[in-house]
Amino acid sequence: MMGNPADAHIIRVQGLMTRFGTHTVHDGLDLDVRRGEIIGVVGGSGTGKSVLLRAIVGLLKPAAGQIEVFGESVRDTPEAAYRRLRRRWGVMFQDGALFSSLTVQQNVEAPMREQSQLAPELRETLAGIKVRMVGLPETALAKYPAELSGGMRRRAGFARAIALDPEIVFLDEPTAGLDPIGAAAFDILIKQLQAALGLTVFLVTHDLDSLYAICDRVAVLADGRVLAVGSVADMDAVDHPWVQEYFHGPRARAAQATAGGS
Ligand SMILES: Nc1ncnc2c1ncn2[C@@H]1O[C@H](COP(=O)(O)OP(=O)(O)OP(=O)(O)O)[C@@H](O)[C@H]1O
């Protein structure tokens, strides 16, 4: 990997505070993400996983703290510099978050149209390539999101997230609501694209199978902070009721067995 220490941590969050009115979501949260890893961000409902994602990509202004991506501050950055940074990551919000009035082709082209100077023919060709990369048939290009299954919508959302060849992909609960086979196939897709494209993946998830199958490290959010970060095996040593229940309950044992058996 890169020798530059600033590069080792592709995302660095320090002392993050986020609030909505009097409700404090993050209260001094620290998190480093390493270049090239798949990090799974887990925690109970409402612990601020999606809010953390939104803060890192600059869609939400924290009350305090530092957020650096690629060694540059995301906060208090001039608009032009932020736009340059933003081009280097892709985001997939929940359920693919496609524009419902646009076809898959138009959805995948949207970031190219908005953030690049690519000629229309080139955009079209690239959208076709991205759609094939996520395992969708070419016939999906002309379809509207409502005509696709949940799994296909996620794939289209992923194709849009990689439209501009990003270095980081943020995925917010990509397998939520998919059947186990669809979810497992999507996990494989994440892993394959991460390896092929050298992506760093920031994965917000509830899905224990994803943690065991594809995550290099797990960050657990609780009590407004990152309570623990490490491999799933490292979570054994974390003495916190939520962590104990989550990583040692029957669902965890099943996920572990599946991962071990595959
Ligand atoms: N725009 C907003 N205005 C007010 N409160 C918000 C807003 N966005 C999020 N919150 C609150 O912040 C807290 C964290 O929300 P967030 O969506 O990050 O949780 P989460 O950990 O992703 O939960 P889940 O696993 O249920 O999706 C919640 O209490 C939520 O109600």
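Two strands pair if DSSP finds at least two bridges between them. Helices (H or I, at least four residues) and strands (E, at least two) are DSSP runs, numbered from the N terminus. This is a predicted model: local features need pLDDT of at least 70, side-chain atom pairs count only at pLDDT 80 or more, and totals for chains, interfaces and linings use all residues. Residues are numbered from 1 along each chain as its sequence is written.

Start with the open sheet. Four strands build it, in the order β2-β1-β4-β5, with antiparallel pairing. Its edge strands are β2 (23-34) and β5 (72-73), and each pairs on one side only. Helix α2 packs on this sheet and touches β1 (9-20), β2 and β4. Contact here means that C-beta atoms, placed from the backbone, lie within 7 Å. The direction of α2 makes about 115° with that of β1. Such axes are lines fitted to C-alpha atoms, for helices over the stretch in contact, and angles run from 0 to 180 degrees between N-to-C directions.

| Strands | Sense | Bridges | A bridge pair |
|---|---|---|---|
| β4 (64-69), β5 | antiparallel | two | Glu68, Ser73 |
| β3 (38-43), β9 (217-222) | parallel | five | Gly43, Leu221 |

β9 and β10 form a hairpin with two residues between them. In its turn, Asp223 has a positive phi of about 55°.

Now the ligand. Gly43 is one of the residues around the ligand, and Phe20 and Lys49 are also among them. Helix α2 (residues 49-56) gives the most to this shell, with three residues.

Methods
A residue is near a molecule or strand if its C-beta atom, placed from the backbone, lies within 6 Å of it. Two residues are in contact if their C-beta atoms, placed from the backbone, lie within 7 Å.
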